[in-house]
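I opened a new page to record what I looked up in this structure. The entries follow in the order in which I made them.

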Amino acid sequence: MRLVIADDHAVVRTGFTMLLNYQEDMEVVGTAADGTQAFEKVKELSPDVLLLDLSMPPGESGLFAASKIHEVFPDVKILILTMYDDEEYITHTFKSGALGYILKNSPDDELIRAIRTVAKGERYIDPVLMNDSFEKFLTSDETLEHDKEPFNILTQRELEILPLVAKGYGNKDIAEMLYISVKTVEAHKSRIMDKLDLSSRPELVEYAVKKKLFDI
């Protein structure tokens, strides 16, 4: 089983690499420090499984990278690594095309089990986070009740723009970063504010921090 690990902390990449290479059926063939590098490594190495940190610099969610990678390389199984135990993120994990969600502080044997589960094309959720709703979700394609929360109806592009706005980037800066027009940015910002029922940038910043969309 060929693996790529994407995490912005070198010590984490090294630790996971040592653990996984010790397994007879696993080999870490590459590592990455951010979402862009993760995409390039997947493109170059064609791994079976990508272990992808949820939060990497410049601060946007690893879910954006997951969505792009899944769209271009649908055969690569993605396992999200994170310290966040929010149920909302699990919903977005599967929306992005990832198959699994595991906490970084999980036991080593649980990480191994998670990798082997997603490698088979099966969904995995860290046992610490399991409840009746997610038990059902693992064996069905039904939409979770969590999708009714406003945060969960944001599109991937809106989720990408929201933390950039919260961090103070202007419309032109965001447009250049995402290769879209200024008018498109303005339209997305308006929809974000409407969907989240927010009326000012300070409210948006507070919301983004609460949802851990970027680090402060």
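**Ground rules.** I worked from a predicted model, where local features need pLDDT of at least 70, side-chain atom pairs count only at pLDDT 80 or more, and totals for chains, interfaces and linings use all residues. I number residues from 1 along each chain as its sequence is written, and side-chain values use heavy atoms, with hydrogens and water left out.

**Whole chain.** I found 10 helices and 6 strands in the chain. Helices (H or I, at least four residues) and strands (E, at least two) are DSSP runs, numbered from the N terminus. Of the 216 residues, 50% count as buried. Buried means under 20% relative accessible area, exposed over 50%, and partly exposed in between (1.4 Å probe, protein chains only). I noted an accessible surface of about 10,700 Å² for the chain, with 50% of it belonging to carbon and sulfur atoms; the areas come from the Shrake-Rupley method with a 1.4 Å probe, and for residues only the protein chains shown count as cover. I then looked at contacts, meaning heavy atoms within 4.5 Å. Among contacts in the chain with a separation of 6 or more, 61% join residues 24 or more positions apart.

**Helix α1.** I checked the length of α1: its 12 residues should span 16 Å at 1.5 Å a residue, and its end C-alpha atoms are 16 Å apart, which agrees. The expected span is 1.5 Å times one less than the number of residues. Which residues of α1 are buried? I listed Arg13, Phe16, Thr17, Leu19 and Leu20. Down the axis of α1 these fall within an arc of 165 degrees, so they line one face of the helix; the arc is that of the directions from the helix axis to the C-beta atoms. They pack against β1 (2-6), β2, β3, β4 (77-82) and α5 (108-119). The face turned away from the buried side carries the exposed residues Val11 and Met18.

**Met26.** I placed Met26 in the loop between α1 (10-21) and β2 (27-32). Met26 counts as buried because its relative accessibility is 6%. Leaving out residues up to four places away in sequence, Met26 touches Met1, Leu3, Leu20, Asn21, Ile112, Ile115 and Arg116. Met26 and Arg116 are 90 residues apart in sequence, yet 9.5 Å apart in space, C-alpha to C-alpha.

Asp53 lies in strand β3 (residues 49-53) and is buried, at 4% relative accessible area. Setting aside neighbours within four places in sequence, I noted contacts of Asp53 with Ala6, Asp7, Asp8, Gly62, Leu81 and Lys104.
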